[in-house]
Amino acid sequence: MIRVLIADDQALLRGSFRLLVDLAGDCTTVGEAGTGVEAVALAEEHRPDVVLMDVRMPEMDGIEATRRICADPATADTRVIILTTFDLDEYVYGALRAGASGFLLKDTPPADLLTGIRVVAAGEGLLAPTVTRRLIDEFARRAEPARPLPRQLDGVTEREREVLTLIARGLSNTELAAHLNLSQATVKTHVGRLLTKLAVRDRAQLVIVAYETGLVGPSSLR
């Protein structure tokens, strides 16, 4: 069973998410939090596999709560999916930098939300296509992108850099395999090595590394 913690300041939404999760068959809700502080405390208490995290919550926002959960060794295996609405796109970058593994919109169909929980619980990153486009726009909007940090890519082979670039463009493993004419098993090996070498949790974090090291920029991501 995938153990899920739900963090949202609206009780009605928490109840709806809980019902959806508990009826999935392979997921179960282990707690509900109405504030960011409660989310951090419950994550430490229950060690969920996945946290569904709202951005705007009292006492502590979802981004800070995500940062604390992901930085705490006690909850190192917990993955966070940020749930928000279109008017909160400016938080995408901050949430991913805080360690979020997924980012979905609150109008995501129920079946897609459950799929997202399963994908993130399995260790993959998850970005809704519309969110990916807005993430790229946020990169482009920044007046001074982070300076390249080439040393962070020391030890990454040319093929792995190519894979990292394509991951940053949003390609799945299947699409990577077709684009590079490789088997999916080989692609998975490259992705696994990138995660290890760059010391990141998942594909969502690889996107951030690709941009912040200067390997890709807004023009190459489009």
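This is a predicted model: local features need pLDDT of at least 70, side-chain atom pairs count only at pLDDT 80 or more; totals for chains, interfaces and linings use all residues.
Let me start with a pair of side chains, Glu64 and Arg68, which meet in a salt bridge at 2.9 Å from N to O, where a salt bridge is a side-chain nitrogen of Lys or Arg within 4 Å of a carboxyl oxygen of Asp or Glu. Residues are numbered from 1 along each chain as its sequence is written, and side-chain values use heavy atoms, with hydrogens and water left out.

Back to that pair: Glu64 and Arg68 both lie in helix α3, four residues apart, about one turn of the helix, with helices (H or I, at least four residues) and strands (E, at least two) taken as DSSP runs numbered from the N terminus. An α-helix has 3.6 residues a turn, so residues three or four places apart point the same way. Glu64 is partly exposed at a relative accessible area of 25%, and Arg68 is partly exposed at 44%; here buried means under 20% relative accessible area, exposed over 50%, and partly exposed in between, with a 1.4 Å probe and protein chains only.

The structure holds 10 salt bridges. Another of them joins Asp22 to Arg18, with the closest N and O atoms 3.6 Å apart, and these two residues, four apart in helix α1, are separated by about one helical turn. What links distant parts of the chain? Asp26 forms a salt bridge with Arg118, the closest N and O atoms being 2.7 Å apart, and this pair connects the loop between α1 and β2 with helix α5 (residues 110-121), across 92 residues. Asp26 is partly exposed, at 28%, as is Arg118, at 31%.

Now to the strands, where two of them pair if DSSP finds at least two bridges between them. Strand β4 (residues 79-84) has six of its six residues buried, so it is largely enclosed by the rest of the structure. Both of its faces are covered, with Arg79, Ile81 and Leu83 buried on one side and Val80, Ile82 and Thr84 buried on the other. Five bridges join strand β3 (residues 50-54) to β4 in parallel, and Val51 stands opposite Val80. The chain crosses from β3 through helix α3 (residues 62-71) to β4 in a right-handed β-α-β crossover, right-handed meaning that, with the strands pointing away from the viewer, the path from the first strand over the helix to the second runs clockwise. On to β5 (residues 102-105), β4 is joined in parallel by four bridges, with Ile81 opposite Gly102.

Among the helices, α10 (residues 203-212) is mostly covered, 10 of its 10 residues being buried, and just after α10, Gly214 takes a positive phi of about 85°. In helix α9 (residues 184-198) we find His190, which counts as buried at 11% relative accessibility. Not counting residues up to four places away in sequence, His190 touches Arg159, Glu160, Val163 and Leu182, a contact being heavy atoms within 4.5 Å.

Finally, confidence: the mean pLDDT of the protein chain is 83, and 82% of its residues reach 70 or more, pLDDT being the predictor's confidence in each residue, from 0 to 100. Confidence is lowest in helix α11 (residues 218-221), at a mean of 50, and highest in β1, at 97. Over residues 143-149 the pLDDT is below 50, and beyond near neighbours in sequence this stretch has eight contacts in the model.
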